[in-house]
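Let's take a walk through this structure together. Have a look at it first, and then we'll go through a few of its parts.

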Amino acid sequence: MNNGAEPQGRHSTNSAVPALRSLLPVLVVLTLIALVPLLSPSNRFLSLAISAGINVIALYGLSVLFGQTGILSMGHAALVGVGAYTAAILARDFGIGFWLALPAAALTSAVFAMIVGIPSLRVGGHHFVIMTFAFGQLLAIVLTNGGDYTGAATGLDIVGPVTLFGADMGDLTRYYLMVVAFVAIAAVASWAIINSPYGRTLRAIRENEKLAASLGINVGGHKIGAFVVSGIFAGISGVLLANFLGHISPTQFASFPSIYLALMVMIGGARLIAGPLAGGILVAFLPEVLNLDPVQSRIVYGVCLIAVILLLPEGLIAGIVAAVRKVFVAKPNERQELEHSAVSKASEARR
Amino acid sequence: MSPILEIRGLSKQFGGVTALVGVDLAITEGEILGVVGPNGSGKTTLFNVVTGVHKPSAGGVSFRGRDITGLAPHAISRAGIGYTFQQAMAFAGLSVLENVQIAGEHVRAGANANTPWPRPQALLDFVGLTTLAGEKAGVLPFGSLRLLGLALALATQPALLLLDEPAAGLNDRETTALVGLVRQLPGHGITVCVIDHDMKLMQMLCRRLAVLDFGSKIADGPTEVVLADPKVLEVYLGGDL
């Protein structure tokens, strides 16, 4: 296990400062991203960036689930969809606006996560992957057959402006800035969870469920809890998505988008706080930069995923960090570690 | 003295295979009890049923007068029963100290508040791992990993400690050190039950032995009496007795 590239795991005990060091680069990058509108980018760029940012918010939830707890949801877009439909239905039926829809959708997605999680997480990891995948498919079917209530295959429009302190946020640049702010909040929230005793409990479960249970850790309960936490992120992401697109439909939340979310978090690296940001941006902009059509980009994604799993199992960012360390940093630490492992090998050989 | 753990008529079947047949066993507070038997005699099944991994087919377990039959493993631990596994294990990616910290975070106050290791450091001192506190558990030599496993179980402040083959894979020197530690536990208010087939270890540790064979208890009593029992000798004939 390459925990050398997991500072939050190594330092989580007492010192908040080294842990903060992992968050700081993310906040710096987000600040730079927030300054991009000064370069008067194209609308296409802003739209793409907003979509990427909305995904990144869900990815930060997925990083708690997958990166810390070690369980993978293959139906995460469905939880985003629950949030999006919650926002659309609340706006249509009750005239509830963006800011009230946020907590409401977070709650609904969390409840759905709990309903899916309770039967499937008590059993085991593989069942969970299959159950979440089935949930994603099922939700799409239910939404498609929901008649006027869910808008069936056509989906729902969401009207009503998003305002902040009286200012209309519907403008692309303003919405972009708001999404960047939400991404920053998601990153900080995810970082706070990872560096709390709760995060350490989740990592203990990831490393060894049997041992964790023997120490009084309610493994099943905490796994459901982590899925619920990831559901909260997904719900908020859904509200932002619905209000950005103005129209949502079932296919947006079926299996392909879910696979993309899993792909993004794996490519970026689920255990590092920079991972979701990197994965979300990369997967959104790669086809644009390489000028690929949708079919080509699917092929490229597939190849990327296989490459990352085989070559960089901790994700791209962890891989880059490790490579940079190898090249540039004089490594007394590593040398010590090497010596130590030599010693322990020698002592094992003696046996 | 009343038993701290009472096992009554415990049976366990896996499909058509019967692993335990009506086992009765009482562990007295303050003792070190040994449960022995050849491979396949049901020792580990007994351990797994008591720690909540398997549900019994019949019978029950009560701990300090409370029925704990069928509780989940984490609930058993919180009730005050610590246990270590046949396979030495720790959280490989975390430091030795962090391992012990985590182990102590989920205890319910009052399980056994009298244990003399209120702090992780004190526990590491006790098992002799202080110098390795900062090391990743994954790089520990096997003997140290076993000791860390013991420290993790002790960090849950148990009133009863179940050890499943605690000396498996240890050399003589390490085994002696482990025996020295385990012997101190009753003095700290921790009752111990060791499950093993290694008679040498059991003779060092236990004044009382219970013997399992084909899922049934065939002997239970003072170590020297049990070891002279013809039934036990027969079971171990040609074994390492």
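Two residues are in contact here if their C-beta atoms, placed from the backbone, lie within 7 Å. Keep in mind that this is a predicted model.

The crossing of H3(A) and H13(A) is right-handed. On the H3(A) side, the residues that meet H13(A) include A:Leu48, A:Ala52, A:Val56 and A:Leu59; among their counterparts in H13(A) are A:Pro276, A:Leu277, A:Ile281 and A:Phe285. Sort the residues of this contact by class and you get 10 nonpolar, 6 polar and 1 charged.

Now hop over to chain B and find strand S8 (residues 191-195). Because 5 of its 5 residues are buried, S8(B) is largely enclosed by the rest of the structure. B:Thr191, B:Cys193 and B:Ile195 point one way, while B:Val192 and B:Val194 point the other.

What does S8(B) pair with? One partner is strand S3 (residues 32-36) of chain B, parallel to S8(B) over 4 bridges, with B:Gly34 opposite B:Val194. Strand S7 (residues 160-164) of chain B also runs parallel to S8(B), joined by 5 bridges; there, B:Leu160 partners B:Thr191. To get from S7(B) to S8(B), the chain goes through helix H6 (residues 172-184) of chain B, making a right-handed β-α-β crossover.

How values were computed:
Residues are numbered from 1 along each chain as its sequence is written. Chains are lettered from A and ligands numbered from 1 in the order in which they are written. This is a predicted model: local features need pLDDT of at least 70, side-chain atom pairs count only at pLDDT 80 or more; totals for chains, interfaces and linings use all residues. A crossing is left-handed if the near helix is turned anticlockwise from the far one by less than a right angle, and right-handed if clockwise. Helices (H or I, at least four residues) and strands (E, at least two) are DSSP runs, numbered from the N terminus. Ala, Val, Leu, Ile, Met, Phe, Trp, Tyr, Cys and Pro count as nonpolar, Asp, Glu, Lys and Arg as charged, and the others, Gly among them, as polar. A residue is buried if 20 or more other C-beta atoms lie within 10 Å of its own, exposed if 12 or fewer, and partly exposed in between; C-beta atoms are placed from the backbone. Two strands pair if DSSP finds at least two bridges between them. A crossover is right-handed if, with the strands pointing away from the viewer, the path from the first strand over the helix to the second runs clockwise.
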